[in-house]
Structure formats: C-alpha cells, structure tokens
Amino acid sequence: MDKSINIQQRDIKPSLKTLSMHPLKFALWLFIVSIVMMFAALTSAYIVRQAEGDWLIYDLPTIFLINTIILVSSSITMHIAYIAAKKDNFKTLKVAMVFTALLAIAFLVGQFFAWGELVNIEVYFVGNPAGSFLYVISGLHAFHLITGVIFIFIMLFSAFKFNVHSKNMVKMEMCTTYWHFLDGLWVYLYIFLLLNH
Amino acid sequence: MSTATEVNISHEVHHDEHHDHEQSFISKYIFTMDHKMIGKQFLVTGIVWGVVGVLMSVLFRIQLGFPEANLEWLRPLLGGWLTEAGKIDPEFYLALVTMHGTIMVFFVLTAGLSGTFSNYLIPLQIGARDMASGFMNMLSYWFFFLSSVIMMSSIFIETGPAAGGWVVYPPLSALPQAIAGSGLGMTMWLVAMVFFIVSMLLGGINYITTVINLRTEGMSFTRLPLTIWSFFLTAVIGLLSFPVLFAAALLLVLDRSFGTSFYLSDIYIGGEALPNMGGSPILYQHLFWFLGHPEVYIVLLPALGITSEVIATNSRKPIFGYRAMIGSMLGITVLSFVVWAHHMFVSGLNPFLGSVFMFLTLIIAVPSAVKVFNYLTTLWKGNIIFTPATLFSIGLVSFFISGGLTGIFLGNSVIDIQLHDTYFVVAHFHLVMGSLSIFGLLAGVYHWFPKMFGRMMDEKLGYIHFWMTFIGVYLIFFPMHYIGIAGFPRRYYSWTNFDAFSSYTDLNMFVSIAAFVTVAAQLIFLFNFFYSMYRGKRAPQNPWRSNTLEWTTPIEPGHGNWPGELPKVYRWPYDYSKPGAADDYIPQTVPLSSTPESNLDHEQELAKQEKLANTAHAKKQF
C-alpha cells in the first residue's frame with residue numbers, strides 16, 4: 001500500500017490554490033479583524049461606562065474635523081497611487097505617494113494639536129473617564145497610524161526604486177488596504193465620538 | 001509492505017540530514033522558522049511552565065491540607081516568603097494561587113497546548129510545506145518566550161508576583177497599596193500578558209491563513225481531520241477575544257501608572273480618599289470575561305480535537321457524526337462569545353440580563369453533549385486499541401461529562417449565588433477545563449511523539465502514568481465539590497479560623513495527599529518523555545496505522561515535510577474498518593479508483609471522475 005502512495009505522489013501537481021487571495025494579504029485582513037475587535041472593545045466600554053452617569057460633557061474640538069478631512073484625502077491620494085502603480089504610471093505613483101505620506105504626517109501633527117486643544121478646554125487625560133477615553137482611543141488609533149505611515153514610507157522608497165509596478169502589486173495592495181482601513185477606522189471613531197460625547 | 005519504499009524513505013532521510021547540516025545550531029534549534037521545531041519549542045517551554053505551575057499548587061496544597069506543618073526545610077527555596085513560624089506567608093499564598101492560575105491557563109494550556117499542536121500538526125495534516133509565514137511563526141514563539149521570561153522573573157522580585165487572582169480584578173490589582181503583589185509584580189504581569197497577546201495573535205493569524213490558503217489538492221474543508229478544525233476555530237476565537245483583553249489590560253496599565261480612572265472610583269485608603277473618580281470596576285469584569293470565557297474554549301477545543309483523532313484511530317472506526325462534530329464546534333465557538341456575564345452573576349448584574357446569559361450558557365450544553373455522545377458512539381463496538389493516548393482520551397471524555405454536569409449547576413444564576421467563588425467552582429473548572437485539557441495535551445504527546453522525535457514512548461510507563469493521574473484527579477477534585485457546597489470560599493489562606501469548616505480538615509488532608517501522589521506520577525511522564533526522546537524504540541512509519549497525512553512523511557520529516565511533491569488527498573481521514581477493504585485503514589492519499597472493493601455508491605462516481613482526470617492529465621503530458 002505504501003508503494004502505491006509513493007507512485008501516486010510522484011505524478012501529482014503541486015498544491016492547487018485553495019483561495020485566490022495571497023496568504024500575506026489574507027493575514028493582513030486577519031490583523032485588521034484583531035484591530036477592529038480592540039476598538040470594538042474600547043467603544044463598547046465607552047458606551048457602558050457612559051450609561052453609568054457621572055460623565056463630563058464637552059464639545060469635540062473642530063480641529064478633529066479638519067484632521068478627518070486630511071486623513072480622508074490621504075486615502076484618496078493613496079488610491080490614486082495604487083491605480084497608477086497598476087497602470088505602471090510611475091510619475092503619478094511617486095507624486096501621489098509623497099502626498100499620501102505628507103497628509104498622513106499632517107494628520108498625526110493635527111491629532112497632537114487636537115490634544116493641546118482638549119487641554120485648553122480643560123479636558124484632561126487624568127480625570128473624568130469621558131476625557132481619558134478620548135485620549136486613549138485617539139492615541140491608540142494614532143499608534144496604529146504610525147505603523148501605517150512606516151508602511152507608506154517603505155512603499156514610497158520602493159516606488160522610487162521602481163520596485164512597485166503592475167507585476168509586483170502584493171505589498172502595494174496590502175499598503176492600500178491597511179491605509180484605507182485605518183482611515184475608515186478613524187471616520188468611525190470620529191462619528192462615534194461626535195454622537196456619544 | 002515493500003522494501004522499495006523503505007529504501008526510498010531512508011534515502012530521503014539521508015538527503016534531509018545532508019540538508020540540515022547546512023543549518024547552524026542557531027538557525028535549526030533557536031531562531032528556527034520550521035513549524036515542527038517551533039511546535040517542539042512551545043511544547044518544551046510549556047512543560048517547563050507546567051512543572052513550575054504544578055509545584056506552586058503543591059505548596060498551597062501543603063498549606064491547605066497541613067496548616068500546622070513546619071516548612072523550615074523549604075527556607076532555602078522560599079526565603080522571606082515563610083513566616084517566623086515556618087509557614088507560608090499569607091500574601092505569598094495569594095501570589096501562589098494567582099500565578100498558578102495564570103501559568104496554567106495561559107502559559108501551559110494556551111501556549112503549550114494550542115501553540116504546540118497547531119504549529120506541529122496544521123501543516124503536516126493539511127499537506128503544506130510550512131506555515132503561511134515562517135517568520136511570523138518564529139516571532140510568535142519568541143514573543144511568548146519574552147513574555148515567559150518577564151513572568152518568570154516577576155516570581156523572584158522582592159514584593160513578589162501578582163497576587164490579585166488570575167483575573168486581576170481592579171481595584172485590588174490597580175492599587176499598589178492594596179497588596180504587595182499589586183506593585184512591581186502586577187506591572188510585570190501586565191507587560192508579560194501584552195507580549196503574550198502579541199504572540200497569540202501572530203500565531204493565530206498564521207494558523208487561520210495556513211488552514212485556509214495552504215491545503216493540498218483535494219483537502220477540502222469536509223476532508224480536514226477534526227484536529228485541524230479545532231485548531232482553526234481555536235485560532236478564530238483567539239483572534240477575536242485576545243484584542244479585547246489587550247484593551248482591558250491597556251486601561252488597567254493607564255489606571256495603575258498614569259492616574260486615570262477607568263476602573264477606580266470612591267476609594268478610601270487609611271481614611272484618605274484617592275483622587276480617582278468616576279471609574280467602574282465592573283467595566284473591567286465585562287472586558288476581562290469577554291476574553292475570559294472564550295479563553296476557556298481556546299483551552300478546551302484543541303484537546304477535544306486531539307481526542308477526536310485519537311479515539312477514531314484507536315477505535316478503528318470512523319468518527320461518529322463528523323459533520324455534527326464540526327457543527328458543534330462551530331456552535332461552541334459562536335456561543336463562547338455571548339456567555340461571558342455568567343461569571344458576573346453576583347456583581348450586581350441586572351437580573352433580567354442574568355437570565356439571558358443563563359439561557360445562552362445552558363445552550364452550550366447542547367453542542368457539548370453532541371460531542372460527548374459522538375465520542376462514546378465512536379468507541380462503541382470499536383476494536384479499541386488501548387494505547388496510552390487512547391486512555392488519556394477516554395479519561396478526557398470522562399472529565400468532560402463529570403465536569404460538564406457541574407457547569408449546568410453553575411450556569412444557573414440562582415444556584416450560582418450559593419456556589420459562586422466557592423470550591424465548587426474550583427472543582428468544576430479544574431475537572432472540565434484543567435484536567436480535560438491536560439489530558440488532551442498528554443494524549444497528543446503520546447500519540448504524536450513518534451512523529452515529533454522518531455521514537456516511541458514507553459507504553460508501560462504510560463499506563464502507570466495514566467492510571468495514577470486519572471484516579472488522582474478524581475480523588476483531588478471530587479471532594480472539593482462537597483467543600484464548595486458547604487460554602488467554603490476559594491483563595492482563602494486558612495480553614496482553621498472558621499468552626500463551620502473544621503470538619504473538613506481530614507478531607508483537605510486527603511485532597512492534599514492525593515495531589516502529591518498525582519504530581520509524583522507526572523515525574524514518570526517527564527522521565528518517559530525525555531528518556532524516550534533519546535533512547536526510545538525507533539518509531540515505524542505509521543505506528544498507529546492512522547489515515548492522516550502526517551504519517552506519509554518520512555519518519556523524521558525534514559524541511560518542507562515531504563521530500564517529493566505534496567501528497568494529494570482523495571478521501572476523508574476516517575476510513576477505518578471500511579467494509580470490503582483489505583486493511584482496517586485507508587490513508588487519505590489512497591485514490592478511490594484504487595479501492596473499488598470498498599467504495600460506497602457516491603464514491604464510485606468520484607472514482608470514475610478521478611480516472612477521467614488521470615487519463616486527461618496523462619494525455620496532456622505526452
């Protein structure tokens with residue numbers, strides 16, 4: 001019986017692809033799921049805690065709105081870069097990637113100023129959980145965004161070395177997915193905070 | 001069997017040895033990216049942690065069974081943790097139970113069980129060369145190792161390790177003033193857990209990706225061994241629940257070190273109010289148990305999966321209700337996320353909400369019972385071969401029944417008011433979660449040891465180990481039910497201060513002695529494990545005459561697992577004692593077209609298609 005196994009094994013093809021998605025891309029989606037769970041935990045904790053009363057009410061600084069617009073536009077430039085890479089349009093790719101990186105950093109700086117604005121209206125990290133939650137949620141998002149910025153810079157450098165092109169899109173696709181996710185996550189968090197502050 | 005095959009295999013082994021010579025010691029044994037070596041790393045680290053965790057339980061069993069004992073002889077080991085009178089310091093006692101829980105739940109039964117067998121078996125049983133990302137897999141182990149180092153060193157610091165119970169509820173765990181263990185020890189606990197979570201997420205993402213993307217040709221989801229199904233669902237549960245623990249731990253870190261008030265409010269220490277206002281300790285409980293309950297199934301499911309495989313193989317029968325097994329595991333996975341508040345019935349939870357959670361909790365009895373009946377019906381009238389692995393699997397089913405029944409008691413919110421935080425709970429989860437999962441781990445080690453190390457473990461020692469452990473576990477945990485029904489709370493340092501419980505002194509002494517004997521029996525296992533690794537009998541190609549793919553690799557598989565091409569799968573893994581077949585097992589790699597004598601009606605159709613595909617393939621080649 002063993003012999004027949006070996007004969008069988010000799011003439012089979014390498015394993016068929018069981019899922020058309022690249023394993024690394026799939027792993028990225030799973031990573032995104034775990035981030036979603038973490039923010040789901042924090043936002044539900046926010047709601048549960050808010051329902052118990054003793055909750056500081058304040059207006060969200062407008063700078064958060066500006067930051068949101070900046071981040072959404074970085075998503076648009078990212079997508080322009082992605083389409084350009086798919087069409088081997090290297091000039092547009094480089095320009096769009098540079099803009100994405102700049103907008104991403106502008107968002108992070110903006111978030112920092114937003115924290116300063118919060119301190120000005122006397123919403124502190126240490127104090128009523130209403131304020132603490134805002135700092136934790138935006139801070140944890142900013143932390144993940146930094147990982148996204150690092151990813152963007154890696155792709156930016158490979159774009160300048162002409163390593164991103166229509167035949168080598170896996171990493172570019174992953175970077176685009178991750179960046180769109182982080183932007184979408186912030187839009188969700190912003191709307192959530194707007195509705196529940 | 002043919003000599004040609006053996007020659008072929010030995011040639012391949014030789015080839016692989018040659019290949020391995022090129023690897024340095026460091027890249028082969030330490031920073032390895034080979035899933036098999038990573039699995040073994042998890043196993044050995046898990047065993048080391050198991051020894052530490054079990055020794056801690058010996059220490060507190062001495063205190064509980066023999067409160068008058070003089071432990072002066074342990075002073076070289078425990079030093080300042082003994083009081084002047086030579087007894088265990090009460091705060092150290094709390095640290096012991098805390099660390100015992102943490103170590104056993106996370107480091108032994110999560111990392112040691114799912115880390116070992118998911119890593120080792122997933123690529124071998126689905127026919128893949130390695131995990132989706134070997135590098136992430138290596139990171140997973142080394143984050144776990146880093147976490148282990150931090151947790152282990154917290155045991156040796158002056159203020160002692162975390163002591164607020166393995167659930168580390170605030171405010172006890174949040175305020176260093178509360179107990180010595182809530183100082184540096186607690187900080188290290190949290191840091192260690194953060195690395196642990198990172199490790200489990202890296203591992204889990206890898207397991208899921210590998211199972212979905214890297215199955216070999218023909219290995220559809222309905223042909224996966226149940227082990228793989230259980231590891232897959234375990235990873236899904238971990239992926240969804242560990243980030244929530246991360247969020248809970250993060251807020252606790254901020255409360256402890258940065259002065260926020262997520263969990264703290266209205267606390268007075270020594271008559272002075274703390275500045276923290278507006279926090280809610282219940283919030284922590286919700287977040288913690290949203291991980292904590294799924295964690296139970298992270299520990300449980302791999303053990304159940306291993307049992308399915310071992311019982312089917314050694315009963316020489318197909319697993320009864322393969323699809324029902326998958327269905328019940330899926331049911332358990334989903335339900336595990338909607339029952340967390342049954343740990344909080346006495347926390348001031350809304351009684352209506354309590355009944356909802358009670359209802360959902362009791363539903364878990366349905367898939368669990370399906371699994372139990374399927375195990376029993378698989379064993380029923382089988383040609384059972386009693387290997388040590390079989391015995392441990394049957395023992396596991398026994399614990400699933402006896403420990404599961406008390407779960408129905410505890411799931412009822414009304415009965416829980418009496419039983420909450422008593423030894424009844426301790427008895428319940430040590431049977432159904434602790435012992436069951438340890439038995440799954442041991443069954444897995446006995447069953448796959450020949451694959452892991454190319455040698456057999458000694459069977460006689462295995463039998464002695466099993467019977468001493470099996471009887472010992474019942475002698476330890478059965479009496480605890482009575483103590484719990486009588487109302488004695490868990491985690492208490494001493495029984496002797498309460499008249500109501502003095503009648504249980506003998507029973508406690510009995511439990512402690514049973515515990516010491518059971519622990520001693522584990523030394524037999526340790527000896528057997530390490531001795532057989534070097535001196536055991538050489539393993540044959542397929543020692544249990546099993547169907548799954550890992551037994552088609554060389555006896556000691558090298559890099560890439562299969563020297564030639566990947567095996568192709570033609571059937572499900574449970575074709576044992578198929579009517580008409582020559583042997584009582586047909587491996588998954590045997591095509592249906594070569595077994596016309598045993599094919600079922602629908603398989604005849606598949607066999608015809610196979611033949612057509614083969615001729616088409618042959619025509620293409622010429």
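What follows is a set of questions and answers on this predicted model.

Trainee: Let's start with chain A. What pattern does chain A follow along the sequence?

Mentor: Chain A has six helices and zero strands. With that in mind, reading along the sequence of chain A gives α-α-α-α-α-α.

Trainee: Where does UniProt place the "transmembrane region" feature in chain A?

Mentor: The record here is an unreviewed UniProt entry. The UniProt spans in chain A are 26-48, 60-83, 95-113, 133-157 and 178-195.

Trainee: What share of the contacts in chain A with a separation of 6 or more comes from residues 24 or more positions apart?

Mentor: For burial, chain A has 197 residues, and 29% of them are buried. As for those contacts in chain A, residues 24 or more positions apart account for 79%.

Trainee: On to chain B. Which residue there has a positive phi of about 55° although it is not a glycine?

Mentor: Look in the loop between α9 (281-315) and α10 (322-335) of chain B, where B:Arg316 is placed. B:Arg316 has 15 other C-beta atoms within 10 Å, so it counts as partly exposed. The residue with that positive phi of about 55° is B:Arg316.

Trainee: Which peptide bond in chain B is cis, with omega near 5°?

Mentor: Check the loop between α6 (134-154) and α7 (184-213) of chain B, where B:Pro171 is found. The cis bond runs from B:Pro170 to B:Pro171.

Trainee: How do α13 and α16 of chain B pack: roughly parallel or roughly antiparallel?

Mentor: Two packed helices are described by the angle between their axes and the distance between the axes. Here α13 (residues 388-411) and α16 (residues 459-485) of chain B pack at about 10°, with axes 9 Å apart. Angles under 35 degrees count as parallel in this scheme, so α13(B) and α16(B) are roughly parallel.

Trainee: How many nonpolar residues does the contact of α13(B) with α16(B) have?

Mentor: On the α13(B) side are B:Pro388, B:Leu391, B:Phe392, B:Gly395 and B:Thr406. They meet residues of α16(B) including B:Tyr463, B:Phe466, B:Phe470 and B:His481. By class, the contact of α13(B) with α16(B) has four polar residues, one charged and, as asked, nonpolar ones numbering six.

Trainee: Which helix gives the largest share of the side of domain 1 of chain B that touches domain 2 of chain B?

Mentor: Chain B is divided into domain 1 (29-265 + 274-535) and domain 2 (549-621), and their C-alpha centres lie 38 Å apart. The contact takes 23 residues from domain 1 of chain B and 23 residues from domain 2 of chain B. The domain 1 side divides into nine nonpolar, six polar and eight charged residues. Its largest share, four residues, comes from helix α5 (residues 90-126) of chain B.

Methods: Residues are numbered from 1 along each chain as its sequence is written. Chains are lettered from A and ligands numbered from 1 in the order in which they are written. This is a predicted model: local features need pLDDT of at least 70, side-chain atom pairs count only at pLDDT 80 or more; totals for chains, interfaces and linings use all residues. Axes are lines fitted to C-alpha atoms, for helices over the stretch in contact, and angles run from 0 to 180 degrees between N-to-C directions. Helices (H or I, at least four residues) and strands (E, at least two) are DSSP runs, numbered from the N terminus. Angles under 35 degrees count as roughly parallel, over 145 as roughly antiparallel, 65 to 115 as roughly perpendicular and the rest as oblique. Two residues are in contact if their C-beta atoms, placed from the backbone, lie within 7 Å. Ala, Val, Leu, Ile, Met, Phe, Trp, Tyr, Cys and Pro count as nonpolar, Asp, Glu, Lys and Arg as charged, and the others, Gly among them, as polar. UniProt positions are given in the numbering used here, feature names are shortened, and annotations may be inferred rather than shown by experiment. A residue is buried if 20 or more other C-beta atoms lie within 10 Å of its own, exposed if 12 or fewer, and partly exposed in between; C-beta atoms are placed from the backbone. Domain bounds come from an automatic or database domain assignment.
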